[in-house]
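Work through these exercises with the structure open beside you. Try each task before you read its solution.

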2 protein chains.
Amino acid sequence: MNNIYVDGMGGDNAPSEIVKACVDATRDFERKIHILGDEEAIQRELAKYEYDKNLIEIIHTTEIVENEDEPAMVIRRKKDSSMVVGIKKLKEDPRGVFISAGSTGALLAGGTLLLGRIKGIQRPALTIVLPSEKGPTVLLDVGANADCKASYLVQFGMMASVYAQNVLDIKSPKVGLVNIGSEPNKGNELYKETYSLLEQSGLDFIGNVESRDIIGSGADVLVCDGFTGNIILKLTEGLSSFIFASLKSTIMGSMRTKVGGLLLKPALKEFKTKFDYKEYGGAPLLGVRGGVIKAHGSSDARAFYNAIRQGIIFQEKDTLEQISNKLVETK
Amino acid sequence: MNNIYVDGMGGDNAPSEIVKACVDATRDFERKIHILGDEEAIQRELAKYEYDKNLIEIIHTTEIVENEDEPAMVIRRKKDSSMVVGIKKLKEDPRGVFISAGSTGALLAGGTLLLGRIKGIQRPALTIVLPSEKGPTVLLDVGANADCKASYLVQFGMMASVYAQNVLDIKSPKVGLVNIGSEPNKGNELYKETYSLLEQSGLDFIGNVESRDIIGSGADVLVCDGFTGNIILKLTEGLSSFIFASLKSTIMGSMRTKVGGLLLKPALKEFKTKFDYKEYGGAPLLGVRGGVIKAHGSSDARAFYNAIRQGIIFQEKDTLEQISNKLVETK
């Protein structure tokens, strides 16, 4: 067991980029990968590459989860989808990992309902790994729990600390609380209570972090409720694309600016890469009884390769067990 | 009465840019302006300009509210500050307006405690006017109320609609609810309840607006609780400055990019202006019994001039009375 399962049909660039990522991953990590999806379509992609046939196995499925599918309905209505079958594999193979670029909502619903929670964990959380100058920051919850209790947020901090330590190789992860002011008494009732619980949690709590400081806060883990996290996630995406689109139209405005843009192009491309969530591979669904890694929906082969890599480390470092152990230490 | 009061000592560029804005405003609007602050410092600035001496009057005050001052303490500890005296003027002169670029927290606390709420308004709200391609959008609450009830949010929508109609000249303001999904059943308990109240409110409610769509949502008014609004406000500021700073360092990276940057400079400057909150002048503190306009802390003369202009329209259009009237119509 201890298998690696990949959703071959999830995301904007499936199956082509997913299959390419799997081929690259088998070569670099020498681990066998089970790709779930339409056998014919996946074979057609595989035929483009040279690879070790012993390291790739296809598990044929007939359905595909679409972003439009109602997440809660997917388990019942798309039983033979690559995503549902993939999640179910983790029930038979509790130390397996499943990596998918498919619908976040469906992955969350499927993961929670099919696998259940780690014993003692009150709520699973969706995470995202944010780019920052000093390295990656894990932000959670970004949408699994619109209504939270303070104790959930403390557990989010604990789970993400274990993940950051194990998978992102951050020795002693610093935990910040997203808030509307830096002083301890800031925020709404939920955040005031969370602040005092975090102080007593045994985590390396560095205090409140205002949203203007999310990039470069010095925190390795940033905790918030799922409503706030989802607002942050989507605002960051929306604002970045708006600024880059406006920049592009500024450059296209005249001959003078076009020449300027041409000179800047390679540097701008590099700069844009910094903001690209794809560079950070995947982010885990934390708290469910199974290693579920969500890759960005628009993942290319490189991004998905990184997500597979994270999945492998997640597994090799016994992250699920570490979370259970840490739960005993953390109040 | 019906006076215009200006905080001569508030903001990063006081009193010089504030005084310049007042001089420009008296010339263009032919209204008398009372500037509160250190008489000598203000006279020194006024001496630089030609202006109608009948249209500017100084009200001497001896103290200055700093951003570091604990907002709730300002009324008691800095009784002779330009801000506290200015707010108090609205008690004697209920149809007056007060414009300040000083501490937002102190202005909120002072406005709420000294002036009280408009009859029937449950909570005052801080607003901000966001730039968008199609024109300004009023976002509120951006920090006055960290904990909200659904009924507060409906009143925020109502007050901002009156403001948008009166002061920003938007005929029939469309109201959106900031949320984490576009469907009616999205969000946490507060937002689900607010959605159904807004549907019945008589406002032109266009539904949920995800944070990725805040710019270009088509809404003229965007409603949220003060915690969420403050997160949005500061994340927008933080992310924009981070992107522009990174862009600048990209341009400075090599000779090639420097030349490119030089060619783009005028266009980039224009583009940056689009994102500059200062261009939109001020934003009102809505719900208090008085016309209080908050200008951006780093307002230059042009931004503050716009804030004064908005204050004058606020007054001339009887905005406070309109809010009271609308309160009767809106459930």
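Predicted model: local features only at pLDDT ≥ 70, side-chain atom pairs only at ≥ 80, totals over all residues.

**Exercise 1. Classify the ring pair of A:Phe227 and B:Tyr191, and say where its partners lie.**

Step 1. The search of the whole structure finds 8 aromatic pairs over all chains. A:Phe227 and B:Tyr191 form an aromatic pair.
Step 2. Check the distance. The centres are 4.4 Å apart, and the limit for a pair is 6.5 Å.
Step 3. Check the angle. The planes are 35 degrees apart. Under 30 degrees would count as stacked and over 60 as edge-to-face. The pair is tilted.
Step 4. Locate the rings. A:Phe227 lies in helix H8 of chain A, and B:Tyr191 in helix H7 (residues 189–199) of chain B, so the pair joins two chains.
Step 5. Check the burial of the partner. A:Phe227 has a relative accessible area of 2%, so A:Phe227 is buried.

**Exercise 2. Describe the interface of chain A and chain B.**

Step 1. Count the residues. In chain A, 46 residues are in contact with 46 residues of chain B.
Step 2. Give the area. About 4,500 Å² is buried between the two chains, and carbon and sulfur atoms give 74% of that.
Step 3. List the polar links. There are 14 residue pairs in polar contact between chain A and chain B, counting residues at pLDDT 80 or more. The rule also finds 4 salt bridges across the interface. A:Arg212 forms a salt bridge with B:Glu237, with the closest N and O atoms 3.5 Å apart.
Step 4. Name the elements. On the side of chain A that touches chain B, at least two residues each come from strand S7 (174–179), helix H7 (189–199), helix H8 (226–251) and helix H9 (255–274). H8(A) gives the most, with 18 residues.
Step 5. Sort that side by class. It has 24 nonpolar, 14 polar and 8 charged residues.

Technical notes:
Residues numbered from 1 in each chain as written. Chains lettered and ligands numbered in written order. Heavy atoms only, no water. Contact = heavy atoms within 4.5 Å. Buried area = accessible area lost by both parts, 1.4 Å probe. Salt bridge = Lys/Arg side-chain N within 4 Å of Asp/Glu carboxyl O. Polar contact = N/O pair within 3.5 Å; in protein donor to acceptor, adjacent residues only side chain to side chain. Helix = DSSP H or I, 4+ residues; strand = E, 2+ residues; numbered from the N terminus. Nonpolar A, V, L, I, M, F, W, Y, C, P; charged D, E, K, R; others polar. Phe/Tyr/Trp six-rings, centres within 6.5 Å; stacked < 30°, edge-to-face > 60°. Buried < 20%, exposed > 50% of the residue type's maximum accessible area, 1.4 Å probe, protein only.
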